[in-house]
Structures are given as structure tokens and as C-alpha cells.
Amino acid sequence: MKYSVSLLLATLAVMWVLWTQVHDPRWQSHIVVDPVVYWQRATSFFTHDGSWSGLEANEYQPGALWFFAAVGWLTGAPGEFEPFLEGLFVVNLLLLAGHVVLARFCGPALSPWLMLLFALLTGPLLLCRFELFVSLVVLGAWALWVRGHLSPAAFLLGTATATKIYPVLLVPLLAAAACRRGGWRSAARSLGLWLAGGFLVVGTLGMWGSPWRDVRAALEFHFDKPFGIEGLLGSGIPLVQWWLGIPLRMAPRNGIYGFESDLGTAVTFLLQWSWLFAVAGIFLFLWRRGRLDAWFEPGVLFALFGWYVVLGKLMAPQYMWWAVPFLALAPGSWFGPWRHTAVLLLVAGSLVLGQIVYPLNYSEFLAAFNGEYFRNRLFWINLVKNLLWLAAVVLATVALVRQPRTDRVSG
């Protein structure tokens with residue numbers, strides 16, 4: 001009883017801090033830019049009599065559009081922006097509470113406290129995006145799979161993938177584990193339910209007036225983004241080009257302030273797909289060690305999503321939340337005592353430095369790339385942030401490699 005009361009009070013305290021921060025003008029100048037677009041999407045839907053046919057340009061996946069419309073409906077859209085923004089804050093606070101509840105019942109005793117800590121360290125940006133919605137759906141799928149409910153887990157992963165693309169990384173592990181449990185029919189059923197979850201979201205968008213070409217255009221929009229300045233590649237490529245005497249060619253587009261790599265076609269190709277090699281490496285390791293049933297182990301998923309984040313073209317602060325909840329859910333014994341503490345400290349440091357760069361000093365960070373970026377303090381703070389995250393993922397991967405081989409089949 002005392003534990004539950006203490007956790008409730010801590011949850012309310014963190015929610016209050018985030019609510020206070022998100023209303024501070026020092027934060028709002030950058031983090032409310034995206035919610036303006038969310039509001040425009042929701043307003044377009046309601047002003048066209050509940051139809052997506054009037055949407056002129058869209059870079060968001062179908063599930064995200066339905067999320068914006070839901071927030072708009074709850075706040076009485078179409079209307080003014082401020083009510084929508086406040087509604088977005090409230091919805092995300094409730095989703096954060098859902099993370100804590102799930103961690104309370106599905107993770108070790110420390111999990112809900114770590115979930116709150118990581119939310120606090122990530123900052124009020126979480127209230128201005130829809131990462132909390134997607135991650136809660138993914139966590140729900142994880143919780144179902146741990147309890148042997150593979151079919152609804154696959155369906156939920158499909159809906160999550162139709163909202164943000166990153167849950168697709170779980171599909172090969174899901175199919176392989178299902179195959180081990182029940183053969184090819186089980187794998188086919190899981191894949192079919194994953195597709196059904198995705199098509200339900202995409203199909204309903206079409207039923208409400210959105211042409212299929214808009215869905216394709218949204219995917220093409222994301223694949224055509226430059227290297228963002230926030231990520232590890234955004235720190236490393238500029239340094240290498242400066243050392244080689246190659247001017248940095250800025251190429252802001254598709255909502256990203258980024259640049260193009262001039263390190264050669266082969267090197268650039270390897271860099272932009274390096275995350276795929278890392279993810280494939282984890283999958284192959286699990287396959288060879290007979291541990292395909294272990295995809296639901298939180299430590300494995302932290303490593304999987306951690307590599308995807310750190311080696312991706314973009315590493316916006318909210319993307320780190322894709323991996324962070326699984327670190328909160330991972331038992332310390334999975335990492336080992338000292339390694340678990342080190343990973344927690346590295347991630348905490350990375351999240352704090354991320355807030356310093358974005359959004360508190362983001363204008364200065366942007367301005368640095370108009371001149372000698374390597375002389376600007378924020379460039380180096382951002383680099384350290386990325387290296388801390390990289391070190392945490394490396395330690396998690398080492399822990400994964402040192403796990404004992406097992407041939408059991410989990411359901």
C-alpha cells in the first residue's frame with residue numbers, strides 16, 4: 001500500500017514538473033512547432049466534414065493522423081490552437097501514466113520509478129509529440145507477448161507500425177519466434193495479424209477520403225531526409241569532412257535542418273544504412289544462439305532500438321524514447337550489477353545533455369552550422385550526448401552477447 005501511494009505521488013509530481021516546464025516560454029519556442037502542424041491536420045479533417053480528402057500535404061503516417069484527429073475531437077476542433085495544444089499535453093500526461101502503470105505490473109519493482117525518471121530527464125518535449133502513444137502500444141504488445149498472447153501482440157504491433165515506422169524492427173523476431181513455437185503456420189498467422197493491424201489503420205484513412213498516394217508520399221517524404229545535425233552521424237560526418245578539408249554542404253529539407261555527406265557514394269551508403277547492419281547483427285546472433293524466443297526481453301529490445309536510434313540519419317530527442325522504456329523494464333540481473341548502473345547513468349546523462357541542446361539552446365546550435373561549427377560549445381555537447389548513448393548501447397549489446405545459450409521455446 002505504501003509503495004502504491006508513494007508511486008502515485010511521484011507520478012503526480014513528475015507530471016506537474018513536465019506541465020510547468022512545457023508552459024515555460026524558454027521551452028515553447030521550438031517544441032510547439034510540430035503541434036501546430038498536428039493541429040492543422042486535425043482542423044483539416046473536421047472542416048472537411050470528417051474527411052481527409054482536403055489534406056494538401058502530409059508527412060505523417062495514418063495512425064498519427066488519427067491520433068491528431070482524436071486530440072482535436074477531445075478539445076472540440078476545429079477551434080483555436082491553444083485548446084488543441086493543452087489537450088495534447090493532457091493526453092500525453094495520461095499516456096505517461098499508462099507507461100508507469102504498465103511498468104508497475106509488468107516489470108521489476110524499480111521499473112516504474114525508472115520510467116518516471118527517464119520521462120523527467122527527457123523533458124517536456126514528450127508532451128508535444130506522439131511518441132508516448134506509439135511506445136505505449138508497443139509496450140502493450142510486449143506485455144501480451146510475454147504472457148503468451150502472440151496474436152493480439154502482432155495485431156498491436158501492426159497498428160503501431162502504421163503510426164511510426166520503428167516497430168517494424170520487431171517483425172523478423174516476431175515471425176521467427178512464432179515459427180519456433182508453432183511452425184510456419186504460426187509465423188504466417190502472426191505476420192497476417194501484423195499486416196491486418198496496419199491495414200486497419202491505413203484502410204480506415206482511405207475510407208475517410210485519403211487517397212493511397214498520400215500514404216506513399218508520406219513514406220517517401222521520410223526516406224528523402226538529409227543527415228540531421230542532432231545524431232551521431234550528424235556529429236561525426238562534419239568532423240571528418242572538416243578534418244579532410246571538405247566543406248559541409250547544408251541541405252535543409254523535409255522539416256529537417258541537415259546536410260549531405262560528401263565522403264563518397266560508397267561511404268555515404270554504408271553510413272546511412274549502418275543501423276540496418278547493427279540490427280541484422282543482433283537478429284543473426286539470436287538466431288545462431290538459439291535465442292529467438294528472447295525478443296521480448298527488455299534488454300534485447302533496448303539494444304535493438306538503441307542501435308537504430310544512434311545510427312539513424314536523425315536522432316531527435318523524442319526518438320530516444322523508442323528505446324528508453326525497455327531499459328526501465330529490464331531487470332538489473334540481465335545486464336549485471338555494474339553494467340546496469342553504468343547504462344542507467346550513461347542514458348541519464350545523454351538525456352540531460354539532449355535537453356540542453358534541444359530545445360533550450362537550439363537556436364544557437366542551428367546558428368553554429370552557419371560557420372565554424374566545431375568551435376561552438378553546443379556542437380561538442382551534442383557530440384558527448386551521442387557518445388554517451390552509444391556507450392550505453394554498446395554495454396547493453398555486450399550484456400546480450402554474454403547471455404547463456406538457450407534452446408527453449410517461449411510462448
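On a 1 Å grid laid over the protein atoms alone, a cavity is a set of points where a 1.4 Å probe fits but cannot get out. Grid points are joined across faces, edges and corners, and a volume is the space filled by probe spheres set on the points. Searching the whole structure this way turns up 2 cavities of 30 Å³ or more. The structure is a predicted model, where local features need pLDDT of at least 70, side-chain atom pairs count only at pLDDT 80 or more, and totals for chains, interfaces and linings use all residues. Residues are numbered from 1 along each chain as its sequence is written, and side-chain values use heavy atoms, with hydrogens and water left out.

The largest cavity has a volume of about 40 Å³. Two or more lining residues each come from helix H4 (62–74) and helix H10 (212–223). The largest share, 3 residues, belongs to H10. Helices here are DSSP runs (H or I, at least four residues), numbered from the N terminus.

Next come the charged pairs. Side chains of opposite charge can pair when their charged atoms come close. A salt bridge is counted when a side-chain nitrogen of Lys or Arg is within 4 Å of a carboxyl oxygen of Asp or Glu, and the whole structure has 8 of them. One joins Glu59 to Arg41, at 3.1 Å from N to O. Glu59 sits in the loop between helix H3 (33–47) and H4 while Arg41 is in helix H3, so this bridge ties together parts 18 residues apart in sequence.

Another salt bridge links Arg377 and Glu364, with the closest N and O atoms 3.2 Å apart. Arg377 lies in helix H19 (residues 377–401) and Glu364 in helix H18 (residues 362–368), so the pair connects parts 13 residues apart in sequence. Arg377 is partly exposed at 46%, and Glu364 is partly exposed at 30%. Arg375 also pairs up, meeting Glu372 with the closest N and O atoms 2.7 Å apart. Here Arg375 is exposed, at 62%, whereas Glu372 is partly exposed, at 47%.

What about the cysteines? A disulfide is a pair of cysteine sulfur atoms within 2.5 Å, and by that rule the count is 0. Cys128 is buried, with a relative accessible area of 0%, while Cys179 is partly exposed, at 21%.

Leu8 belongs to helix H1 (residues 2–22).

The peptide bond from Tyr358 to Pro359 is cis, with omega near 15°, and Pro359 lies in helix H17 (residues 337–360). Asp49, although not a glycine, has a positive phi of about 60°. Asp49 is placed in the loop between H3 and H4 and is exposed, at 76% relative accessible area.

Technical notes
Buried means under 20% relative accessible area, exposed over 50%, partly exposed in between (1.4 Å probe, protein chains only). On a 1 Å grid over the protein atoms alone, a cavity is a set of points where a 1.4 Å probe fits but cannot get out, and a pocket is an open set with protein on both sides within 12 Å along at least five of seven lines; lining residues have an atom within 4 Å of a point.
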